[in-house]
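User: Hello! I am new to this structure and would like to learn how to read its features. Could you walk me through them?

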Amino acid sequence: MTRLILASQSPARTKLLSHAGIRHEVLVSDVDEDAVQARYGVTDPHDTALLLARAKAEAVASLPEADGAIVIGCDSVFEFDGEAHGKPYTADVARERMLRMSGSMGILHTGHWLVDCRDTDPDEADPEGAGGAAIARGSGATLGSVSSAEVHFMEMSAEEIETYIATGEPLQCAGSFTIDGYGGAFIRKVDGDPHTVVGLSISTLRGLLGQANVGITELWTGGAVDPADVRSE
């Protein structure tokens, strides 16, 4: 059975995978994002998202718990007026950003990095020689991709911004907003994969898994959200 490890502490990402019926584990890295960016001097939002996703994936892939698994790391960076915006952390920063974003548009870049930690030497039988199933050969892949989507915001009043900030939600989100929470009320449309805005593109994950010779259906649990629960009346 192929193991997929999500190298992220984001509740939104693991919820997204669970709703898509994708079996996974969570193992959080201790990557210092500021230190990584300072080391490589990357300022382009697109490249920053990929760099940080790679740092997270490789940090988790180096842990003993990742042996025999496929690790996927993700990181999101919001580009607005040519500048990169990560998590605001403080109300003052979130307020300044949201006042500028009101009625405007930005680009959310989500970097994905996959590391195949499975053994590259095929085993024809189980280690005990008891006739067990063969262990899948690893691909040795370490590769990444960035998925980007344009996010168009509605006009937001100062009162709405203050009330949104008071929820605490935007303080821990790239760009100071979410699409799958309170912030969805302020998003007029998304041009691109909406999963990208949540923080993990399922279609991008499928493509990376395919390059590691793993079909995404191998990870399906049969536990995806029941369509009867979400279909329109």
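Analyst: Happy to. Helices (H or I, at least four residues) and strands (E, at least two) are DSSP runs, numbered from the N terminus. This is a predicted model, where local features need pLDDT of at least 70 and side-chain atom pairs count only at pLDDT 80 or more, while totals for chains, interfaces and linings use all residues. Residues are numbered from 1 along each chain as its sequence is written, and side-chain values use heavy atoms, with hydrogens and water left out.

User: How many helices and strands are there in the protein?

Analyst: The protein has eight helices and seven strands.

User: What share of the residues is buried?

Analyst: Buried means under 20% relative accessible area, exposed over 50%, and partly exposed in between (1.4 Å probe, protein chains only). Here 43% of the 233 residues are buried.

User: Which residues of helix α7 are buried?

Analyst: In α7 (residues 202-211), these are Ile202, Thr204, Leu205, Leu208 and Leu209. They lie on the same side of α7 because they cover an arc of only 155° around the axis; the arc is that of the directions from the helix axis to the C-beta atoms. Ser203, Arg206 and Gln211, on the other side of α7, are exposed.

User: What covers the buried residues of α7?

Analyst: Here we look at contacts, meaning heavy atoms within 4.5 Å. The cover of α7 includes β1 (4-6), α1 (11-19) and β3 (70-80), among others.

User: Which residues of helix α4 are buried?

Analyst: Ala94, Arg97, Met98 and Met101 are the buried residues of α4 (residues 91-101). They fall within an arc of 95° seen down the axis of α4, so they line one face of the helix. Their cover includes β3, β4, β6 and α5 (158-166). After α4 comes Gly103, with a positive phi near 75°.

User: How much space lies in the largest pocket?

Analyst: On a 1 Å grid over the protein atoms alone, a pocket is an open set of points where a 1.4 Å probe fits, with protein on both sides within 12 Å along at least five of seven lines; lining residues have an atom within 4 Å of a point. The largest pocket holds about 1,000 Å³. Of its 39 lining residues, Arg13, Lys87, Gln172, Cys173 and Ala174 are the closest to its centre.

User: Which element gives the most to the lining of the largest pocket?

Analyst: That is α1, with four residues. The elements that each supply at least two include α2 (33-40), α3 (45-61) and β4 (83-85).

Notes: Points joined across faces, edges and corners; volume = space filled by probe spheres on them.
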